Amino acid sequence: MSGSEREAYAPSEVEAKWQSRWEESGTNSFSQEELAHAPHPYYNLMMFPYPSAEGLHVGNIYAFTGADVHGRFQRLQGKNVFEPIGFDAFGIHSENFALQVGVHPMELIPRNVENFTRQLRRIGGMFDWAHTVDTTQPDYYRWTQWLFIQLYEGGLAERKEAPVNWCPSCMTVLANEQVVAGACERCDTPVEQRRIAQWFFRISDYAERLLENLDRIDWSETTKKAQRNWIGRSEGATLRFPLADGSEEGLEVFTTRPDTVFGATYMVLAPEHPLVDRVTTADRREEVQAYRDRAKRTDLVSRQKADQEKTGVFTGGLCTNPATGQDIPIWIADYVLMEYGTGAIMAVPGHDERDFEFAEAFSLPVVRVVAGPDQGPDTPLAEAYTGDGVLVNSGDFDGLPVEEAKDRISTWLEEKGAGRTEVTYRLHDWCISRQRYWGPPIPIVHCGECGAVPVPEEELPVVLPKVADFKPDADGVSPLARVEEWYRTDCPSCGGEARRETDVSDTFLDSAWYFFRYPSTDRHDAPFDQELTRKWLPVDCYIGGNEHAVLHLLYARFITMALKDLGHVDFEEPFARFRAHGLIIREGAKMSKSRGNVIIPDSIIEEFGADTFRTYLMFLGPFEEGGDYRDEGIHGPHGFLKRIWETAVPVEELRNGPPDPQVERKLHQTIGKVSEQLPELQYNTSIAALMEYLNVVRAEGRTATRSEVEPLVVMVAPFAPHLAEELWERLGHEGSVFDGAHWPSFDPSKAQEETVTVAVQVNGKVRATVSAPAGAGEEEVLALARADENVRRHLDGSEIRRVIHVPDRLLNLVVG
């Protein structure tokens, strides 16, 4: 057949054919029977998407493709790979957009889900559409509500009044993790502080377990570091500063630096501290109250910013430093938070930067109690000294190194009843109440006689009613609180008049357990099947964005631990392996609507095909780092897939017989490299290796053999599954290329080069290279080196004192 008559590569036709075939035959779907009896289960999970109105963006496809490549590789190794997908469809994003366009979310979200489903099918993912979830469906959030009740009955959910972050634009409470640089992560509006009764999960009870387990789970180090920092374990001491008015009352502070207590020259309370009124004198009361009112209008995250201008007010009260016996002034300042430690700090301006700035601003005394090298007790402090050293101006403890002084002073204060050693955590309880509409109603009934009563399990789900006016209230009243016929109900306990909880739960609760539901979507009587859960979980591999390190990923770990403690599962870590993918930029710039550089996947797939788009995204750079998308770059991967097609089609022209020796050597080198790199998500270098191999196969216009082409078809299958399926079928195979352990076997002996180039050094400087048989010993390589004229000249008859031989790479002759 002439070149002009050859069948051209037509991605759209090939991909339509195989997507239809996969769906008809259920290639990627498990029946419940298959799930129950899979001999080699492998749970491959990706973060399910929020179905926005805009549809899938390139970042979604990058993440999903990377996860799918991994799943397909595992399947080609013979694993039974379960790769479900679903939709995280509740939440403020969806509700805000619905308000913006004037469409009810119960109408808008199903349309978005339908569009996402179309796009997900088009990219060729190995998704099991028989096991999908939509968090907005009552048959899903029934079990989200069940989960809330389990935690409530287990003592892990409680309603309490606390200062919270309030977004005046979204008109709802935000968790600390959802405030970025003092602004709402969703809408970038400056966040305020309010004091509201909210539902909290007691995640802080799990702080130590969450921290300790990070040492034994196989996760991206950047993610583990983020969680360690967020949990924030601190070892120190709680010290008691008695009030100076002779009463029995005192102020407790937690400090990681008990060695600096002799330098505490003033005390600072959070404006919300319960003893502020008690210590404030009459002449200071008006100013103190005005400051407390201002602090209420500042969000909790902004109050912690180190570069924020220090403000504060003296209360007029005094307390006594337990180490020095001196009375020191009590101030209030918004950089101290009631939610951290005890809501009070001993201020040591000589050795803490924030305290030093505060002392400078209000002319408070600064005392040095730690001296570094070449410093003494009277060395002036132009700034806080935070380095190591020995104690000074600290009584009997002068001269002690800082670390030793921490223990000695803590013990001393404990003996005199002024302190105790303690461990604290930065992690605080998870506020899950939201004063919005689009979310699962919290399944609690408030009764005047019985208090908070959980809705009985047989009455779940508490269905979210369709409400025409679902706009949030600026005063923090939930939209459901305006629907009297919905919230008025009978108490499940006493039968008296009661009121439903009108807040909805945080969307992160929906996503904290969704992976449990996937294998059990057929179960309508339980959130998850116990046997299937034991068989398939923990998840073998989870791939997603590192932006969720201290949100979704931390919450999912907590929920799994709680379920274990409550007797529902027998493991406490949900994801055996987690890898954070990188981010895609475009032409060197971050993608955004305002820049007009957002990539629309549909048009690219239409022009080049999903296989090309997938391969290009994985070729951009290291998957865990991301890459720079350039429009012209897609032509390289497109040409690569086209050349594979042209090499294999028509298959009748492929030669039979074994591979050419040179091609066979390159084949096994490629199998070895790709087999090693794919499990480590080194996709870009794997594709590069496949490209190199194809170049050898096609070198000088040679006709390839079937035995040279078939392994290439299998190895490219994770990246270009449609193309691989088509060529696999044309090569005479029945069924899918993914229906079996078809990954080519690696023979190291066949990958060995016949000859290698060895660098020859004389006293560490390269003087020649010689060609030697692969695996040649030292004597043989030395003989070849001595025969080289340039080596002989540099030896110049000198005695060789030492020979350093690195097989197949280097020979270094040390002469003198």
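The questions and answers that follow set values against definitions.

This is a predicted model, in which local features need pLDDT of at least 70, side-chain atom pairs count only at pLDDT 80 or more, and totals for chains, interfaces and linings use all residues. Residues are numbered from 1 along each chain as its sequence is written, and side-chain values use heavy atoms, with hydrogens and water left out.

Q: Why is V709 called buried?
A: A residue counts as buried under 20% relative accessible area, as exposed over 50% and as partly exposed in between, with a 1.4 Å probe and protein chains only. V709 has a relative accessible area of 3%, so V709 is buried.

Q: Where does V709 lie, and which residues is V709 in contact with beyond its neighbours within four places in sequence?
A: V709 belongs to helix 23 (residues 706-716), helices being DSSP runs of H or I with at least four residues and strands runs of E with at least two, both numbered from the N terminus. Contact means heavy atoms within 4.5 Å, and with those neighbours left aside V709 is in contact with T647, A648, L654 and A704.

Q: What makes helix 18 roughly perpendicular to helix 19?
A: Helix 18 (residues 601-608) and helix 19 (residues 610-619) pack at an angle of about 115°, with their axes 7 Å apart. Angles from 65 to 115 degrees count as roughly perpendicular, under 35 as roughly parallel, over 145 as roughly antiparallel and the rest as oblique; therefore helix 18 is roughly perpendicular to helix 19. Axes are lines fitted to C-alpha atoms, for helices over the stretch in contact, and angles run from 0 to 180 degrees between N-to-C directions.

Q: Which residues of helix 18 and helix 19 meet?
A: From helix 18, P601, I604, I605 and F608 meet A610, T612 and F613 of helix 19.

Q: How do you know that strand 7 and strand 18 pair?
A: Two strands pair if DSSP finds at least two bridges between them, and strand 7 (residues 192-201) and strand 18 pair in the antiparallel sense over two bridges. F201 stands opposite W430 in strand 18.

Q: What makes strand 4 and strand 18 the edge strands?
A: Four strands form an open sheet in the order 4-3-7-18, with antiparallel pairing. Strand 4 (172-174) and strand 18 (430-431) each pair on one side only, and they are the edge strands.
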